[in-house]
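Have the sequence and the 3D view open as you read, and look up each residue when it gets a mention.

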Amino acid sequence: MKGAEVDFSMENSDDEKDGVFGNCMPKELSISLANGTKFVDEVLRGPSDRCLENFRMDKQAFYKLCDILHSKGLLRHTNRIKIEEQLAIFLFIIGHNLRTRAVQELFRYSGETISRHFNNVLNAIMAISLDFFQPPGSDIPPEILEDPRFYPYFKDCVGAVDRIHIPVMVGIDEQGPFRNKNGQLSQNVLVACSFDLRFHYVLAGWEGSASDLRVLNSALTRRNKFQVPEGKYYLVDSKYANMPGFIAPYNGVLCHLNEFVGGYPSRDSRELFNQRHLLLRNVTDRIFGALKARFPILLSAPPYPLQTQVKLVVAACALHNYIRGEKPDDWIFKMYEHDTVPETESLPPLEVEQPIMQVENPALDIAFDTEQLEFSSQLRDSIAGDMWGDYISDLSAM
């Protein structure tokens, strides 16, 4: 396997003359300020919503994170820039999808200073990222327990697993493996998440051409592997196999969402199972939506070294979890809290994947014996059968 060389510097290319990309610039960018210190002080002295708008978290969470990074010796005050301003620079960049030159103009520091503190903060957050990823507990998730559509059928389900393609910028000679099936350059990121919008596990860095099964295989077989609690399982979509620890929908079964929108009733147990499986699994769409809304740097490829781009994904997920724990009801989370009907059809230690420079084999390399695979199939059939029996009984009672 050929890994990407680690480079902790941010590129500062001529194309930064564009200033910004995306349209996530806050109002403050149009205001002429004396320096970054004044800007940060004004934000932190203002209402908490202003801190959330600019630095993507409220003031209490911001100050607490500064204290954590300082107490662990990961960041320190310099003669010119306090820890609060260092963190603000980093969060401002990833929270507004800005290039170095735009941040230079706002904070009144050189490109080298901005880049140095950006990377210092990124590495500091990576150093404590594991603290923000917790395995699922033994209790039944309330999102299942309190919903008769899902309980008791999915009582042993702890979350959902899916992948997201994050745009990536690489050199011309490296673009082949990173070009996904849509022709775009991306990294294939695997995540496992809970139903309350927290990441359990993140594996970033695989090329966009890597099959989803291959990335899952890597997560399950690597040194610090993704572990599913005994007797529990995650929901996955049809890209993955129905196997121990992972329950997929039935293949070849049309998934109508009529049950949820007042249309015709489900026609059989498999269709009903797929409908409810899909609605419950929709949490991955919502957590991805919240992540990208808070950190829009993930929406387009930033002009940084590859390893920095990979770390940014991991750091963003860690910060998402941190903020979810500190301020679970901020306006960004509120937008994605409740389930919606989709338009289309742990634990873990977290580790950055060194990109694999080779054509991916779509076969899953994990060995399950026939008995294990049969048990997984029977488990799904049992859930679908119980669900269908209760569903028919409820219809008859109407």
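How many salt bridges does a search of the whole structure find? The search turns up 13 of them. Keep in mind that this is a predicted model.

## The big picture

Before zooming in, here's the overall layout. The protein contains 15 helices and six strands. Of its 398 residues, 53% are buried.

Start with D330 and R294, which form a salt bridge whose closest N and O atoms are 2.9 Å apart. This pair links distant parts of the chain: D330 is in the loop between α13 and α14 (331–336), while R294 belongs to helix α12 (residues 283–294), 36 residues apart. Are these two partners buried or exposed? D330 has a relative accessibility of 5%, so it counts as buried. R294 has a relative accessible area of 0%, so R294 is buried too.

Next up is the salt bridge between E337 and R324, with the closest N and O atoms 3.8 Å apart. Here again distant parts of the chain are linked: E337 is in the loop between α14 and β6 (351–352) and R324 is in helix α13, 13 residues apart. E337 is partly exposed because its relative accessible area is 28%, whereas R324 counts as buried at 8% relative accessibility.

D329 is partly exposed, with a relative accessible area of 39%. K327 counts as partly exposed as well, at 30% relative accessibility.

Salt bridges can also join up. Which residues are linked in a network of them? Look for K155, D156 and K232.

## Helix α3: one face in, one face out

Helix α3 covers residues 59–71, which makes 13 residues. From its first C-alpha to its last, α3 reaches 18 Å, close to the 18 Å expected at 1.5 Å a residue. Its buried residues are A61, F62, L65, C66, I68 and L69.

What covers the buried residues of α3? The cover includes α1 (36–45), α2 (48–55), α4 (83–96), α6 (111–128) and α13 (306–326). Just after α3, have a look at the backbone of G73, which takes a positive phi of about 75°.

## A closer look at H70

H70 has its place in helix α3. With a relative accessibility of 43%, H70 counts as partly exposed. Leaving aside residues up to four places away in sequence, H70 touches L75 and I83.

H70 and A124 are 54 residues apart along the chain, and their C-alpha atoms are separated by 9.7 Å.

## Helix α9: wrapped up

Now jump to helix α9 (residues 212–221). Why can we call this helix largely enclosed by the rest of the structure? Nine of the 10 residues of α9 are buried, so the rest of the structure largely encloses it. The buried ones are D212, L213, R214, V215, L216, N217, S218, A219 and L220.

And what do these buried residues pack against? Their neighbors are strands: β1 (157–167), β2 (186–193), β3 (199–207) and β5 (246–247).

I392, L395 and M398 make a nonpolar surface patch of about 310 Å². One of these, I392, lies in helix α15 (residues 370–397). I392 is partly exposed, with a relative accessible area of 33%.

How values were computed
Residues numbered from 1 in each chain as written. Predicted model: local features only at pLDDT ≥ 70, side-chain atom pairs only at ≥ 80, totals over all residues. Heavy atoms only, no water. Buried < 20%, exposed > 50% of the residue type's maximum accessible area, 1.4 Å probe, protein only. Helix = DSSP H or I, 4+ residues; strand = E, 2+ residues; numbered from the N terminus. Contact = heavy atoms within 4.5 Å. Expected span 1.5 Å × (residues − 1). Salt bridge = Lys/Arg side-chain N within 4 Å of Asp/Glu carboxyl O. Patch = residues over 30% accessible without salt bridge, like charges linked within 9 Å, V, L, I, M, F, W, Y side chains within 5 Å. Areas by Shrake-Rupley, 256 points an atom, 1.4 Å probe, with all protein chains shown as cover.
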